[in-house]
Structures are given as structure tokens and as C-alpha cells.
Amino acid sequence: MTSTVTADPRVGKSDSGGGRGTGGARRRLPRIPDRIRNGGLPYLLLLPAILLELLVHLIPMVVGIVMSFRQLTQFFISNWGNAPWTGLDNYRIAVDFDAPIGEALLHSFFVTCVFTFFAVGLSWLFGVAAAIMLQESFKGRGLLRAIFLVPYALPVYAAVITWAFMFQRDNGLVNHVLHDQLGLTDQPSFWLIGDNSFYALLVVSVWKGWPFALLILMAGLQNIPRELYEAASIDGAGIWQQIRKITLPSLRPVNQVLVLVLFLWTFNDFNTPFVLFGRAAPKNADLISLHIYQSSFVTWNFGTGSAMSVLLLLFLLLVTAVYLLVTSRKKKGSGV
């Protein structure tokens, strides 16, 4: 008896469709929410920060560069787009060191360089000393860490205003201690004007900046194995040899970044001299950030002030590039 097999076309289509459906499900492109969740979510989360960066930094930077090529004074402040185009004239005025404007800018630049050198050096030195001291466990270490970090946690304006009161000649705490109690000076000193203004600014800047160095260096010390110090101690190495041979070489990558950040922050610092001295700083404490502010908002010559700002930006970019190039070569030479 012969059996007849009848092929139902619907069954074949159904089976083949199911096979294609299974394979299609495997090869199917992910849906849009899946793409965002798998690959685009980090960029989506960064979008608000990128927009704020554009609004706060990049767009004003571009506007400032455009302003540096215009003769923007108080006569065109209401409609600065109609200010005459001057090309590089504002830059020529800024770098003409034989003229009063260029000479004042050059003096401010040198004052800022000297101030930055001492402020960064002292901040780093105090940070290293305190970080090494706090590396060992002892009673009260946590409290001492908290006290050391207070200047970094305080608001800048509140801290600098407090220092401004302390530096007052007649009723300030500094003169009260140095003159009235210790008798180190013949008469109360003027700290916010004259030659002493540089030292007052330096003290406030170091007091405000060294806790940041301490914080970064304490984090760097946590990555140094304790076995290195134990082995060095067994070999007879003293504390200074351990610092010179183990601590400082191990902190070199941290120090490279720390010094660069401290340099940029200190060289660009505007809040400290502005709150300490007001709109017009003494000649010995005339930092370039405050000098550019005076050239722009006091004399109402925004074109020249913008040109000075662009020159400062180019200088900082050049110093940063050279610093990174030199440190990267040293790192390759040392085999790190």
C-alpha cells in the first residue's frame, strides 16, 4: 500500500519563516534605547557638562579673541559689534614696552612670575613635609589632617577677607603679634600697601594653596609599598635617605601634575589679590590677572584688555606644552 504524502505549503512557509525569524532575531539591529544604554549613555551624561563648558569658557573665549581685534571702548560698549576693526593694533600697544601701557604690563608679568615661583614652591614644600609627617600612624592624626585641610575647604572670599582684617595696620592681628607682643618691629607695618604687599599676598596664597598639595601628595603616598621603607630601614637607611631615595622618586608622576596645576592656578589667580587689595593693587603686588582687569574695566579699554588676555593665554599654553614635553622626555629616559 502506497502512502501519499501531501505537502502543505503553509507548513513549509511557517517553518521557513520561523527559521528566518530566529536568524533574523539574532542578526536584528539593537533598538535605539538599547544603543543609548550600551554605547551612548556615557556621552549623554556628559552632554550637560559639555554645554556648560561651552557657555562658561569656550564661547566667552572666542568672544574675547574677537574683541581683541576691535577698538572697543566705553563709546561702543552698548553695541560692541559696531566697534572699529583695528587688527593687531591692540597687541602692538600691549607689547610696546617703551610705552606706559606695555611697560606696566611687563612689570606686572615679572611680578607674577616671581610671585608664582615662590607661591608654588612653598605650597609644594609645605605639602610634602605635612604629607610625609602624616604618613605614619599616631594619635590625633585624623584631627590634624582635618585642621590642615581647613584653608582648602573655606570659601575663598571669606578666607581672604579675614586675612585682610588681620593685615590691618592699627587693629590687625598680624601687627598685634609681631609688634605688640613679640616686639619684632619698631612700629606697626603697612601690609596692604607698599613693599610689604607682596609678602602679604604671598602668605595668603600659600596658606590657601598648600592644603591642595597636601591632599594630592597624601593620595600619592598611599601607592608606595610599605615594604620598600622596611627594606631600606633594615639596610640602615635613615629617614632622609628614605625620603630622597624612595619617597620623592615614587612621587615624581604625582609631582609633575601637581606642579603644573599649582602653576596655572597661581598664575591666573584673580580672587585673592582682588579681595585683598581691591580694584587697584599696589605696584609690588600687581599680578597680571588684576592688571588685565584694571586695563579692561577701570580704563574701559576692553580691546586692549582682551589682547592682554589672549597673550596671557598663549603664554600659558606655551609653558604647558614645554613642561609636558620636558616631563614626558624625562619619563621616557627614566624608563617609567
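Predicted model: local features only at pLDDT ≥ 70, side-chain atom pairs only at ≥ 80, totals over all residues.
**View 1. Helix H11 has a buried side and an exposed one.** H11 runs over residues 239-250, twelve in total, and spans 15 Å between its first and last C-alpha, close to the expected 16 Å. Gln242, Ile243, Ile246 and Thr247 are the buried ones here. They share one side of H11 because the arc they cover around the axis is only 125 degrees. Look to the other side for Trp240 and Lys245, both exposed. What do the buried residues pack against? Their partners are helices H4 (100-133), H9 (196-221) and H10 (226-234).

**View 2. Zooming in on threonine 247 of H11.** With a relative accessibility of 1%, threonine 247 counts as buried. Setting aside neighbours within four places in sequence, threonine 247 touches Ile132, Leu221, Ile224, Tyr229 and Gln242.

**View 3. The largest pocket holds about 820 Å³ of space.** Its lining has 22 residues, with His57, Pro60, Met61, Gly64 and Ser309 closest to the centre. Helices H2 (32-67), H14 (288-298) and H15 (302-334) each give two or more residues to this lining, and H15 has the largest share, at eight. By type, the lining splits into 14 nonpolar and eight polar residues, with no charged ones.

**View 4. The second largest pocket comes in at about 340 Å³.** Here 20 residues form the lining, and Ser205, Lys208, Gly209, Trp265 and Asp269 sit nearest the centre. H4, H6 (150-153), H7 (156-166), H9 and H12 (252-267) each supply two or more lining residues; H9 gives the most, with four. This lining divides into twelve nonpolar, six polar and two charged residues.

Notes. Residues numbered from 1 in each chain as written. Heavy atoms only, no water. Expected span 1.5 Å × (residues − 1). Buried < 20%, exposed > 50% of the residue type's maximum accessible area, 1.4 Å probe, protein only. Arc of directions from axis to C-beta. Contact = heavy atoms within 4.5 Å. 1 Å grid on protein atoms, 1.4 Å probe; cavity = no way out; pocket = protein on both sides within 12 Å on 5 of 7 lines; lining within 4 Å. Points joined across faces, edges and corners; volume = space filled by probe spheres on them. Nonpolar A, V, L, I, M, F, W, Y, C, P; charged D, E, K, R; others polar.
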